[in-house]
Structure formats: structure tokens, C-alpha cells
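Here is a friendly tour to read alongside your viewer.

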Amino acid sequence: MSLITPDFGLLFWMVIIFGAVFFLLAKFGFPVITKAVRERSEHIAESLRAAEEARLSLERLTAEQDRILERTRQEQARLIKETTDERNSIIAKASEEASAEAAKVMQKAREEIAAEQELARRELRSEVSALSVAIAEKIVRKELEDTGEQKALLDKFVDEAVHSQMN
Amino acid sequence: MRASRFIILGLLFLLLPVRSFAAAQDDGKESPSIDMQEYLFGHVADSYEWHITNINGKEIAISLPCILIDDGLKVFSFHDHEANGYTLNEEGKLINSQTGKRPLDISVTKNVCGLFIDSILLVLLILLCARWYRKHDVLKEAPTGLAALLEPVIVTIENDVIKDAVGPEYQKFSPYLLTAFFFILINNLMGILPCFPGGANITGNIAVTMAMALFTFLAVNLFGTRHYWKEILWPDVPIFLKAVPIMPVIEIVGMFTKPFSLMIRLFANMLAGHIMLLSTIAVIFLTVKLGPALNGTLSVISVLFGIFLDVLELLVAFIQAYVFTMLSSVFIGLAHPNPETH
């Protein structure tokens with residue numbers, strides 16, 4: 001059989017066989033497979049997209065969380081600082097007030113003591129005057145015999161008394 | 001399990017109408033030489049029987065049915081062709097013994113038989129693969145078995161060849177192109193097998209490649225767009241090239257040269273592969289005359305080179321199927337021009 005002249009019988013069978021194979025495979029074979037594969041690759045692409053989205057939203061959430069945490073930390077620091085200041089100022093004010101009060105009390109006490117002292121001094125002085133007068137009377141009564149001397153003494157007493165009176 | 005399969009296969013083999021013929025050649029003991037032309041052409045050409053081997057000078061061959069339309073339909077086994085009044089002419093084709101005329105011959109020859117076997121195998125493979133996809137949820141399971149074997153090939157051909165070459169409408173053509181690819185591939189691969197179910201030089205036969213090219217021609221031209229026909233019949237060239245229809249004639253010739261090149265390429269490549277392999281093996285028989293030392297050495301070389309060629313043919317089997325599919329895709333893509341780019 002010649003190699004380069006196509007044989008009719010074989011051509012005939014080939015067309016029939018290839019036609020049948022093509023019909024069977026194009027109807028029941030390849031579309032099923034390619035459709036399934038396409039479905040799967042779409043599914044994979046979809047899943048990858050979803051995973052990417054999930055990753056992005058997770059990233060966003062993490063960032064958000066970090067931000068909130070950071071803000072909370074700042075808030076906390078601020079609050080602690082404020083409270084400390086408040087406390088310090090309260091303590092300072094309280095101690096100021098207390099010292100002012102103490103000073104007032106001291107002042108008052110001092111004034112009272114001074115008044116008491118004055119009173120006591122006055123009483124003592126009147127007592128001393130009375131005593132002096134009594135002593136003087138006694139001395140005078142005894143010493144009045146000597147006139148010259150008495151006179152000098154009297155002067156001296158009077159001077160002293162005047163002097164002490166002036167003080 | 002595996003052994004039982006072999007036994008069943010062997011029994012099936014025995015059921016085939018194997019006929020043994022006494023060798024008609026006279027026993028040339030001192031110079032056993034072979035007729036190279038007969039040897040080569042006997043292996044690569046089509047025939048009415050499927051020759052398997054010679055055992056002790058006895059020819060083991062499967063006699064195939066002859067179907068002739070010669071004054072009515074006549075069906076007989078090739079073994080009985082002489083009894084039915086037909087002889088072989090010098091081309092090896094059946095002719096009527098009385099009139100000497102060749103009847104309309106649609107016999108199931110070796111290649112037709114091979115086509116049937118390979119096609120059944122291919123349909124089974126692809127449909128079993130498709131069945132896996134019907135029965136399983138692809139979104140939940142990875143392909144196993146046959147599906148795992150075929151899916152990468154199908155996906156590669158569809159995505160890398162068909163989609164790129166055909167363009168946006170590729171889904172309409174991909175069943176045809178995939179069928180063509182696998183059809184050529186399985187016939188190429190079966191052609192490399194040296195024994196019965198394979199070994200027929202199917203894709204190295206011009207009638208087969210002609211039919212394949214014809215289908216591509218139809219796929220290109222039946223679905224060509226208006227734009228495609230305009231480019232053939234009234235292309236964008238200066239008017240004097242169209243008034244005397246030089247360009248349209250060239251374009252119309254081009255319509256036919258494209259599938260013609262497909263036909264010749266596949267045919268020539270596969271035929272050449274078969275002939276190279278057969279010639280390499282023939283070295284063993286041709287050098288018998290030269291004495292045992294030279295014959296032995298050359299046999300070793302011949303076997304080694306034969307192994308190399310066999311492996312090369314495996315590659316060629318794939319490449320030719322790939323090239324046919326790719327060029328068909330390109331031709332189909334050219335018949336769907338994108339109006340914006342033209």
C-alpha cells in the first residue's frame with residue numbers, strides 16, 4: 001500500500017471513529033473535567049481572596065486594639081498623674097492650713113500668756129507695794145526717832161519708789 | 001491479583017482469530033538476508049491482517065475483516081479473500097480477480113482496527129476520569145487515580161495552549177482541541193508499542209492525518225468570524241492588489257496550506273520515527289552475514305540506539321500531539337480576529 005496516497009477506506013473509518021470519539025468526549029468527557037477544574041480554581045482564587053481579606057481585617061483589628069491599648073495606657077498615666085497632683089496639692093493645702101491654724105493658736109496663746117503675765121505683774125506689784133508699804137510703815141515706825149537720818153532714808157525710798165513706778 | 005489479570009489477558013488473546021501460515025520462503029540457511037523494502041513497508045504501511053510475529057517460520061497474524069462495496073456489500077475475512085474472488089494488486093490492495101478493478105474498499109484494516117482499540121481506550125480513560133469528577137466534590141477532594149494522572153495534562157493543554165492561542169472564546173473549541181490532542185497522543189504512544197494492541201503506524205498514515213487536518217479546517221472555517229472572511233476576500237491592502245485578486249487568491253490558498261501543513265507534519269514525523277526505529281533494529285538482521293563478532297557488536301549498538309530512539313519517540317509522540325493542538329488553536333484563533341487590533 002502506498003504511503004503518500006490517502007486510502008479512502010481508512011479515511012472513511014477515521015472520520016467515523018474520530019467523529020464518534022469527539023462526540024463522546026466533547027459531550028461526556030472534557031466539559032465535565034474542565035468545568036470541575038475551573039470551578040475548583042475559582043474556588044481557590046475566591047478562598048485566597050477571602051483569606052487575604054481576613055488577614056487585612058485582622059491586621060486592622062490588631063492595629064485598632066493596639067491603638068485602644070495605647071490610649072488606655074495614656075489615660076491611665078494621665079489619671080495617675082492627676083491623682084498624684086491632686087493628692088500632693090491636698091496635702092500641701094492641708095499642711096499649710098494646719099500651720100496657719102497652729103500659728104494662730106500660738107499667737108493667741110502668746111497673747112494670753114502676755115496678758116496673764118501683765119496681770120500677774122500688776123498683782124505682784126500691788127502686792128509688793130502693799131508689802132513695801134507695810135515694811136515701810138514698820139521701818140518708819142521704828143526709825144522715826146532719828147530725824148536726819150530718817151529724812152535721808154525717806155528720800156531714798158521715795159526715789160526708789162518713784163523709780164520703780166516709772167518702770 | 002496482577003497475575004490473574006495477565007492470565008485473563010492471555011486467554012482473551014487466544015480468543016482472537018489468530019491464524020498461522022506456513023512460511024512461504026525457501027530456507028536460505030547460509031545467507032539469511034531480509035528484503036529491507038518489504039520489511040520497512042510491511043511495518044509502517046496499512047494491511048488487511050495484523051501480523052504479530054513469526055514462530056519457527058510460521059507467521060502469526062490476525063486476519064481482519066474485509067468490507068467491499070463491489071456489486072453489493074461483501075464482507076469476509078482476509079484469510080478467505082481468494083475464495084471470495086479477490087486478489088492483492090502490487091500495491092497490496094484488494095482487487096477483483098476477474099475484472100482487475102479496485103472495488104470501494106472500507107475494510108477494517110490494521111490501522112482501522114488500531115484506531116478502534118486506541119479510541120476505545122481513550123474514551124474509557126477520559127470518561128472514567130470524567131466519572132471521578134461527577135462522583136466527587138472537587139472543592140473538597142484532591143483528584144486521585146486516573147483523574148490525578150489526566151488532570152494536569154488537560155489543564156496544561158487547556159490553559160497554556162488553547163486559552164492563549166484561541167483567545168476569549170476558547171471554551172467553545174477546547175473539547176475539540178483536547179480530543180485532537182489526546183487522540184493523537186494515544187495513537188502515537190500505542191504506535192511505539194511493538195506488539196499487538198499497539199504497533200500500528202496510525203498517525204504515520206496520511207489518511208489519518210488528513211482526516212485530522214480536515215477537522216481542524218472545518219473548526220477554523222465553519223466558525224470563522226465575518227472579520228476573518230473579510231480579511232481573506234477583501235484584505236486591507238492597496239486596491240490594485242485586490243482588483244486583480246492577487247491577495248484574495250493568496251489568502252484562499254493559505255486557508256488550505258495551513259491544514260495541509262498540519263497533515264504533512266504529523267504524518268512525516270511519525271512515519272520517520274517508525275522508519276528510524278525499524279531501520280536501527282534491522283541492523284541486527286542485516287549484519288548477520290558479517291560474522292558473529294561484528295554482528296554481536298553491532299547488535300549491542302543497535303539495541304542501545306534503539307532504546308534511545310524509543311525514548312526519543314516517546315518525546316516526539318507528545319511533541320507532535322502538542323504541536324498539532326497548538327497550531328490548530330492558533331489557526332482557530334486567527335479565524336477570530338479581534339477587530340480592535342486589526
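## Briefing on chain B

Helix H6 (residues 206–222) of chain B packs against helix H10 (residues 292–334) of chain B, with an angle of about 25 degrees and axes 9 Å apart. Since angles under 35 degrees count as roughly parallel, H6(B) is therefore roughly parallel to H10(B). Please keep in mind that this is a predicted model.

**H6(B) and H10(B) up close**

- H6(B) and H10(B) make a right-handed crossing.
- On the H6(B) side, the residues in this contact are Met212(B), Thr216(B), Ala219(B) and Val220(B).
- Facing them from H10(B) are Phe324(B), Ser328(B), Phe331(B) and Ile332(B).
- Sorted by class, the contact of H6(B) with H10(B) holds six nonpolar and two polar residues, and no charged ones.

- Helix H2 (residues 36–44) of chain B and helix H9 (residues 246–286) of chain B pack with their axes 10 Å apart, at an angle of about 135 degrees.
- An angle over 145 degrees would count as roughly antiparallel, so H2(B) and H9(B) are oblique to each other.
- The crossing of H2(B) and H9(B) is right-handed.
- From H2(B), the contact draws on Met36(B), Tyr39(B), Leu40(B), His43(B) and Val44(B).
- From H9(B) come Leu271(B), His274(B), Ile275(B), Leu278(B) and Ala282(B).
- In the contact of H2(B) with H9(B), eight residues are nonpolar, two are polar and none is charged.

**The three-stranded sheet**

- Three strands of chain B form an open sheet in the order S5-S4-S8, with antiparallel pairing.
- S5 and S8 of chain B are the edge strands, each pairing on one side only.
- Strand S4 (residues 65–69) of chain B is joined by five bridges to strand S5 (residues 73–77) of chain B, and these two run antiparallel.
- Within that pairing, Ile67(B) has Val75(B) in S5(B) as its bridge partner.
- S4(B) and S5(B) make a hairpin with three residues between them. In its turn, Asp71(B) has a positive phi of about 60 degrees.
- S4(B) also pairs with strand S8 (residues 104–105) of chain B, over two bridges and in the antiparallel sense.
- Here Ile69(B) stands opposite Leu104(B) in S8(B), while Leu68(B) has Asp105(B) as its bridge partner.

**Where chain B touches chain A**

- Chain B has 43 residues in contact with 33 residues of chain A.
- Helix H3 (110–135), helix H4 (145–166), helix H5 (170–192) and H6 of chain B each supply at least two residues of the side that touches chain A.
- Which helix gives the most to that side? H3(B) does, with 13 residues.
- By class, the side of chain B that touches chain A has 27 nonpolar, nine polar and seven charged residues.

**Chain B as a whole**

- Chain B has ten helices and eight strands in its secondary structure.
- Of its 342 residues, 32% count as buried.
- Among contacts in chain B with a separation of 6 or more, 66% involve residues 24 or more positions apart.

How values were computed: Residues numbered from 1 in each chain as written. Chains lettered and ligands numbered in written order. Predicted model: local features only at pLDDT ≥ 70, side-chain atom pairs only at ≥ 80, totals over all residues. Pairing = 2+ DSSP bridges. Helix = DSSP H or I, 4+ residues; strand = E, 2+ residues; numbered from the N terminus. Axes fitted to C-alpha atoms, helices over the stretch in contact; angles between N-to-C directions. Parallel < 35°, antiparallel > 145°, perpendicular 65-115°, else oblique. Left-handed = near helix turned anticlockwise from the far one by under 90°. Contact = placed C-beta atoms within 7 Å. Nonpolar A, V, L, I, M, F, W, Y, C, P; charged D, E, K, R; others polar. Buried ≥ 20, exposed ≤ 12 C-beta atoms within 10 Å, placed from the backbone.
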